[in-house]
Structures are given as C-alpha cells and as structure tokens.
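Work through the exercises below with the structure in view. Each one is followed by a worked solution.

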Amino acid sequence: MLLLAAGLPGACAADDGAAIPLIFDTDLGNDCDDVLPLGMIHALCSRGECELLAVTITKDHPYAAPFADVVNTFYGRGDVPIGVCGSGVTPEEGKYNGLCESADADGPRYPHDLGSGREAPPAVEVLRRTLAAAEDGSVVVCQVGFSTNLADLLESAPDQHSPLAGRELAAKKVRLLSVMAGAFAKVPDDSTGQPREHYEYNVVMDIAAAQKLCANWPTPIVWSGFEVGLNLRYPHESIERDYRYADHHPLPEAYRLYNPPPHDRPTWDLTSVLYAVRPDRGYFRLSQPGRVSIADDGLTRFEPGGGRDRYLIVDEATRPRAIEAMVQLASQPPGG
C-alpha cells in the first residue's frame with residue numbers, strides 16, 4: 001500500500017502555518033547536490049516556510065564549515081550556527097570547498113566570518129544547544145550526509161544545555177527526521193544496465209553510525225533513497241542561466257567545479273529538503289510504515305509491517321512538479 005505524504009504522523013507541516021524549525025546536517029563538499037539544497041533552504045526561509053536553526057557538517061575537512069558560512073552569508077544569514085565533526089570521514093578538501101578562500105582584485109569573492117572548521121564548535125554541542133532551546137516536538141532535522149553527527153548526538157550525555165541524554169533530547173524536541181540515505185529499489189548497474197542492489201554512499205562511508213541511527217533514533221524517519229534523486233535530475237540549463245542575477249554565486253560555481261554543464265546532476269539531497277519543509281505538497285508518495293536496517297556491509301533493508309520508517313517514492317505524474325520546485329527554490333535570489 002502506498003500512502004500520500006499528507007496526514008502522516010510526524011510528517012505534517014507546522015499546524016499554524018509558522019516557519020518549520022530546521023537543522024541541516026550535511027557532508028558539504030563531497031557532491032554539488034549538497035550545495036543546492038542549502039540554497040533551497042534559504043529560499044524557503046525567505047518565504048517564511050522554515051527557519052534554519054543550525055548547519056552541522058559530517059565532512060571532516062577544515063574548509064567545509066567555512067564554505068557553509070559562505071553560502072549562509074551570501075543569503076544574508078551569516079549568523080546561523082555551524083558545527084563540525086572530528087570523525088576522519090572524507091578528510092579531503094573536495095572540489096569546491098576551497099571557494100571559501102577565493103579572492104578577486106577587490107577582496108574576498110565571498111565574504112564570511114568563519115575562517116576554518118577548527119574555529120567551529122563540535123556538531124554535537126551545536127545540536128544539543130539548538131534542540132534544548134527549541135519548543136518540544138517542533139524541530140525537523142534534515143540529514144543529507146553521513147549519520148556521524150546524529151549517532152553521536154544519540155550517545156551524548158547531559159550537559160549545560162540540557163539535563164537529558166541525547167536520545168531523550170531528540171525524542172522530546174524533534175518531530176521528524178528527513179534522511180537522504182540508503183536505497184529502497186534496485187538501480188541499473190553502471191556497466192550492464194541491469195537492476196542490482198545498491199550500496200549507497202552516505203551509508204557505506206560510516207556504516208557504524210548509520211546502524212546506530214537505525215537502531216536508536218526515537219522519532220519518525222522518512223528516507224529518500226538513492227533511486228529517488230537518481231530519477232529527478234537538476235537541469236543543467238538552470239545552472240547556466242538562472243543564477244545570472246549575481247556576478248559570482250556559490251551554488252553554480254560549486255556545481256561547475258564539481259562537474260561542469262552540460263551535466264544534469266541527480267537531486268539526491270534536494271529531495272530530502274523538499275520533503276522536510278513541504279511534506280504536504282504531494283511531490284512524492286510514501287511507502288507503508290516499516291523498519292529500516294543496515295547490514296554490516298552497508299546494504300539498506302526495509303521491512304514493512306508497521307514501524308518508525310517510511311521512504312519516498314517518485315510518482316511519474318508529479319515528477320515534473322518536484323523538479324520545478326527544486327529548481328525554483330535553489331535559484332531564487334537572496335531575499336527573494
């Protein structure tokens with residue numbers, strides 16, 4: 001049985017139409033599909049649909065946090081807290097995070113305050129502080145990288161921010177976790193084109209953390225599997241023409257550095273943001289309830305029959321609407 005997104009426990013928009021308090025957890029720098037959703041979030045903030053409470057990073061390189069600050073500052077929200085991990089997972093710079101150091105003849109190309117991830121607080125501290133200050137049952141967390149930070153949050157001890165341990169704090173404050181991870185349908189093999197099980201990157205890069213998240217996360221989770229973004233591709237024409245309102249723009253510049261157009265990149269991470277903030281717009285269908293588990297080799301499995309988890313399903317009838325929404329939001333000018 002397939003279910004529409006609206007009306008599901010933990011998957012509804014704010015009842016009073018207020019902005020959704022959102023935490024964005026990302027491995028920024030490993031793919032250009034991490035940059036575009038951050039632009040989407042800022043557009044949704046400008047529309048009054050969400051409030052970006054914090055950005056936490058699961059890529060362990062000192063340029064990842066400054067580049068997040070670049071994007072936040074570009075959109076006029078340079079004061080958004082940023083937290084970092086010390087996991088050692090993907091410690092390389094990446095193809096575009098070095099934009100935080102770019103300079104032109106008249107000064108820095110992208111002004112920002114955070115010089116290095118070494119100057120940023122630990123992600124768990126930022127998560128605990130942010131959740132403790134939020135209203136009960138209000139926060140939506142969107143995780144589009146590894147499960148490192150949220151797994152560490154679950155194991156965190158009471159501190160000056162909250163007398164609750166991490167799992168209890170998440171249970172009290174978080175309404176929904178929207179995750180880009182795993183695969184819930186077979187995908188074509190790159191060589192043969194034949195369908196095969198897929199070992200998804202965000203899971204296999206930190207399997208232990210993904211297993212802890214699956215075993216212990218206390219609120220509803222909606223998963224966007226590899227197959228979803230693979231079937232919703234960001235049109236390169238948008239990169240080439242929709243961002244011309246700025247002489248320099250971090251989103252298309254990062255996209256080009258990662259893989260220049262003509263290249264229609266799958267929208268993996270964008271889909272989780274779209275669902276996190278607009279779950280009731282009918283962009284996707286949802287699976288029946290069940291339970292996700294992660295095998296020791298990183299393979300994702302879903303057992304239906306009731307449980308905490310559901311996953312997104314692309315409906316061909318609404319596929320163009322989903323793509324159009326993501327393009328319009330990602331390319332919306334700051335403050336627009």
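**Exercises on one helix and its neighbours**

Just after helix α1, Gly48 takes a positive phi of about 80°. The model is predicted.

**Exercise 1.** State how many residues of α1 are buried.

Solution. Buried means under 20% relative accessible area. By this cut-off, 11 of the 12 residues of α1 are buried, and the helix is mostly covered. Among the buried residues are Pro37, Met40, Ile41 and Cys45.

**Exercise 2.** Describe how α1 (residues 35-46) lies against helix α10 (residues 250-258).

Solution. Step one: the two axes come within 9 Å and cross at roughly 165°. Step two: angles over 145 degrees count as roughly antiparallel, so α1 is roughly antiparallel to α10. Step three: the crossing is left-handed. Step four: Val35, Leu36 and Gly39 in α1 meet Pro250, Leu251, Ala254 and Tyr255 in α10. By class, this contact has six nonpolar residues, one polar and no charged.

**Exercise 3.** Do the corresponding analysis for α1 and helix α2 (residues 64-74).

Solution. Step one: the axes come within 10 Å and cross at roughly 35°. Step two: the crossing is right-handed. Step three: from α1, Val35, Leu38 and His42 meet Phe67, Ala68, Val71 and Asn72 of α2. Step four: five residues of this contact are nonpolar, two are polar and none is charged.

Notes. Residues numbered from 1 in each chain as written. Predicted model: local features only at pLDDT ≥ 70, side-chain atom pairs only at ≥ 80, totals over all residues. Heavy atoms only, no water. Axes fitted to C-alpha atoms, helices over the stretch in contact; angles between N-to-C directions. Helix = DSSP H or I, 4+ residues; strand = E, 2+ residues; numbered from the N terminus. Parallel < 35°, antiparallel > 145°, perpendicular 65-115°, else oblique. Left-handed = near helix turned anticlockwise from the far one by under 90°. Contact = heavy atoms within 4.5 Å. Nonpolar A, V, L, I, M, F, W, Y, C, P; charged D, E, K, R; others polar. Buried < 20%, exposed > 50% of the residue type's maximum accessible area, 1.4 Å probe, protein only.
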